[in-house]
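Here is a short report for a reader meeting this structure for the first time. Keep the sequence and the 3D view at hand while reading.

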Amino acid sequence: MIELKNVKNYLAPLPVILITSRLQEGNINKDNIAAISWAGICDNTPHLININIAKGKYSGQIIKMTKEFGVCIPTSKHIKEIDICGSTHGNAVNKFEITGFTSFEAKLINVPLIQECPINMECTLEDVISFESHEMFTGKIIKTYVDENILDANGKPDFGKIDLLAYLNDEYWTLGRKLGNLFYTGKK
Ligand SMILES: Cc1cc2nc3c(=O)[nH]c(=O)nc-3n(C[C@H](O)[C@H](O)[C@H](O)COP(=O)(O)O)c2cc1C
């Protein structure tokens with residue numbers, strides 16, 4: 001093991017998710033999608049998540065105004081569209097148009113969700129915590145959608161049926177194979 005000269009954050013793997021938001025101007029909806037990997041779970045009663053967005057990004061500005069956002073879990077099938085969502089800016093382009101992603105309406109919030117993503121969640125903004133370069137948005141999940149084709153006999157998503165993406169070190173990876181169930185060594 002060698003010590004690095006500079007501190008690095010090699011926390012890995014990180015998820016690759018798509019965050020949707022909508023700016024409504026009169027009758028016109030400006031819908032947006034951002035690719036995000038700095039994301040995690042904060043709590044489960046209720047279900048709280050966090051997404052971290054660089055200060056000044058269009059998505060962050062909209063979410064602060066509207067206090068709601070969609071969390072859409074894509075698969076490797078759409079790596080190109082994901083990369084486009086992560087390298088273009090919603091104030092300059094319509095990402096639904098340039099990627100060809102199909103939107104469907106969230107039920108409890110005024111935000112588009114993404115048909116091509118097997119999991120979609122509606123979130124209301126709980127808090128925004130400011131750091132040096134990024135802001136952490138915590139959101140409460142208030143509705144969850146799962147593509148019926150990926151459900152197992154118990155009604156839970158079978159992640160073996162989809163090919164999720166991970167973000168590592170500025171690279172896209174897929175997850176490999178299932179090795180076992182949680183607590184397979186026995187809960188003490
Ligand atoms: C795989 C991937 C992960 C990303 N993760 C983040 C992230 O966690 N936080 C962030 O601020 N930007 C992240 N980005 C960059 C944003 O998606 C990018 O700045 C995008 O242009 C933001 O969209 P907007 O300007 O429409 O808000 C990521 C990009 C990619 C491709």
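## After the helix

The model is predicted. Lys67 follows helix H1. The phi of Lys67 is positive, near 65 degrees.

## Helix H1

Which residues of H1 are buried? They are Ser59, Gly60, Ile62 and Ile63. Seen down the axis of H1, these buried residues fall within an arc of 165 degrees, so they line one face of the helix.

What do the buried residues of H1 pack against? Their partners are strands, with E2, E3, E5 and E6 among them. Strand E9 (119-130) and strand E10 (134-146) also take part in this packing.

## Strand E2 and its partners

Strand E2 covers residues 17-25. E2 and E3 run antiparallel, and 9 bridges join them. In this pairing, Ser21 stands opposite Asn32 in E3. The hairpin of E2 and E3 has 2 residues between the strands. Here Gly26 takes a positive phi near 60 degrees.

E2 is also joined to strand E6, residues 68-73. These two strands run antiparallel as well, with 3 bridges between them. Ile19 has Val71 in E6 as its bridge partner.

## Around the ligand

How many residues surround the ligand? The shell holds 19 residues. The closest are Trp38, Ala54, Ser59, Gly86 and Gly90. E3 supplies the largest share, 4 residues.

What kinds of residue make up the shell? There are 9 nonpolar, 8 polar and 2 charged residues around the ligand.

## The chain as a whole

The protein chain has 3 helices and 12 strands. Its C-alpha atoms fill a box of roughly 55 × 50 × 35 Å, taken along the principal axes. The radius of gyration is 17 Å. A compact globule with 188 residues would have a value near 16 Å, so the chain agrees with that expectation.

Of the 188 residues, 29% count as buried. Among contacts between residues at least 6 apart in sequence, 60% join residues at least 24 apart.

Notes:
Residues numbered from 1 in each chain as written. Predicted model: local features only at pLDDT ≥ 70, side-chain atom pairs only at ≥ 80, totals over all residues. Near = placed C-beta within 6 Å. Nonpolar A, V, L, I, M, F, W, Y, C, P; charged D, E, K, R; others polar. Pairing = 2+ DSSP bridges. Buried ≥ 20, exposed ≤ 12 C-beta atoms within 10 Å, placed from the backbone. Arc of directions from axis to C-beta. Contact = placed C-beta atoms within 7 Å. Rg over C-alpha atoms; globule rule 2.2 N^0.38 Å.
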